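Hello,

Here is the structure I promised to pass on to you. Please open it alongside this message, and my notes on what turned up follow just below.

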Amino acid sequence: MLGLVLGGGAAKGYAHIGALKVLDEGGIKPDIIVGASMGALIGGFSAAGYTAQELEEIALKIDKKKKRWLFRFRLSKKGFIDGKNIVRHLSRHLQDKKIEELPVKFAVVATDIEDHSEIIIDKGDLIQAIRAAISIPVVFMPHQYAGRVLIDGGFVNPLPINVAQRLGAQKIIAVNVLRMVDYPEKEISSVHPTNKTYNVKKVFFETFDYITSRLVDYQLKNLKDGILININTEGIGLGHFEKAQVAIKRGYVETAKYREELQQFK
């Protein structure tokens with residue numbers, strides 16, 4: 001069985017649509033799709049039968065005005081975005097689909113902040129599963145589902161290769177859209193100061209890249225029979241949802257480099 005793993009990355013995750021276009025063109029059809037965060041959203045549409053072209057058409061309709069509506073801010077101690085408009089948007093396309101009734105086996109990862117566990121959602125309401133999987137801490141209000149309080153699973157498992165294997169995938173195509181940071185251990189020594197300034201935003205994103213890169217590295221140890229496609233999404237911010245066209249093109253161009261290797265998965 002062929003598994004497709006789509007990693008997290010917020011707006012960077014639009015690059016997954018470009019990757020799916022290459023797979024569609026090559027006639028490569030996964031038996032299992034597993035997604036984290038934005039990969040869960042794109043993967044859910046794909047598992048429900050949407051083609052990459054149809055996904056692209058939906059994504060390109062999100063301009064700055066639509067983005068403001070989708071991510072409407074609310075002052076709350078639980079988070080800045082309640083996600084209700086996102087659920088409305090998803091409902092227009094996915095209606096009341098159940099995961100276990102999809103034509104392709106599908107699962108998402110989320111994190112239970114009450115019992116500190118990784119939750120694999122592979123049955124039940126598709127939209128509720130996606131909503132749980134994209135609940136970025138602090139930004140989104142945690143999502144209450146099946147009696148649990150869930151947040152974005154990408155903060156624990158941004159490229160859930162192990163989940164796809166657990167569900168039966170024997171070969172895996174894993175698509176990562178996050179920056180990979182190769183930082184070695186060094187003993188302390190004096191260096192010339194760069195005199196760069198680091199504000200809170202810069203420190204947060206650097207730290208985010210370090211943590212997710214290490215988590216992706218950890219998952220790659222499980223990739224015994226498969227391929228990793230790293231997509232360079234530099235210049236596309238996590239919140240740049242109006243840059244779908246740029247991200248999709250980047251995903252297509254980067255994935256197209258692997259056309260020959262991907263033929264083994266037909």
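Arg 148 is partly exposed, its relative accessible area being 30%. In this predicted model, Arg 148 makes a salt bridge with Asp 115, and the closest N and O atoms of the two lie 3.1 Å apart. The two residues are 33 apart in the chain, and their bridge links distant parts of it: Asp 115 belongs to the loop between strand S3 (105-112) and strand S4 (117-121), while Arg 148 is in strand S6 (residues 148-152). Asp 115 is partly exposed too, with a relative accessible area of 39%.

Next comes a pair further along. Arg 179 forms a salt bridge with Glu 206, again with 3.1 Å between the closest N and O atoms. This pair also links distant parts of the chain, 27 residues apart: Arg 179 sits in the loop between strand S7 (171-176) and helix H8 (200-220), and Glu 206 sits in helix H8 itself. How accessible are these two partners? Arg 179 has 38% relative accessibility and counts as partly exposed, whereas Glu 206, with a relative accessible area of 18%, is buried because the cut-off for buried is under 20%.

A further bridge joins Lys 257 to Glu 254, with the closest N and O atoms 3.5 Å apart. Here Lys 257 counts as exposed at 58% relative accessibility, but Glu 254 counts as buried at 16%. Elsewhere, Arg 179 and Glu 206 turn up again: together with Lys 202 and Asp 209 they form one network, joined by salt bridges that share partners. How many salt bridges are there in total? The count comes to ten.

Two spots in the backbone are also worth a look on your screen. With 68% relative accessibility, Ala 146 counts as exposed. Asn 195 is another residue other than glycine with a positive phi, in this case near 65°. You will find Asn 195 in the loop between S7 and H8, and at 67% relative accessibility it counts as exposed.

Best wishes

Technical notes:
Residues numbered from 1 in each chain as written. Predicted model: local features only at pLDDT ≥ 70, side-chain atom pairs only at ≥ 80, totals over all residues. Heavy atoms only, no water. Salt bridge = Lys/Arg side-chain N within 4 Å of Asp/Glu carboxyl O. Helix = DSSP H or I, 4+ residues; strand = E, 2+ residues; numbered from the N terminus. Buried < 20%, exposed > 50% of the residue type's maximum accessible area, 1.4 Å probe, protein only.
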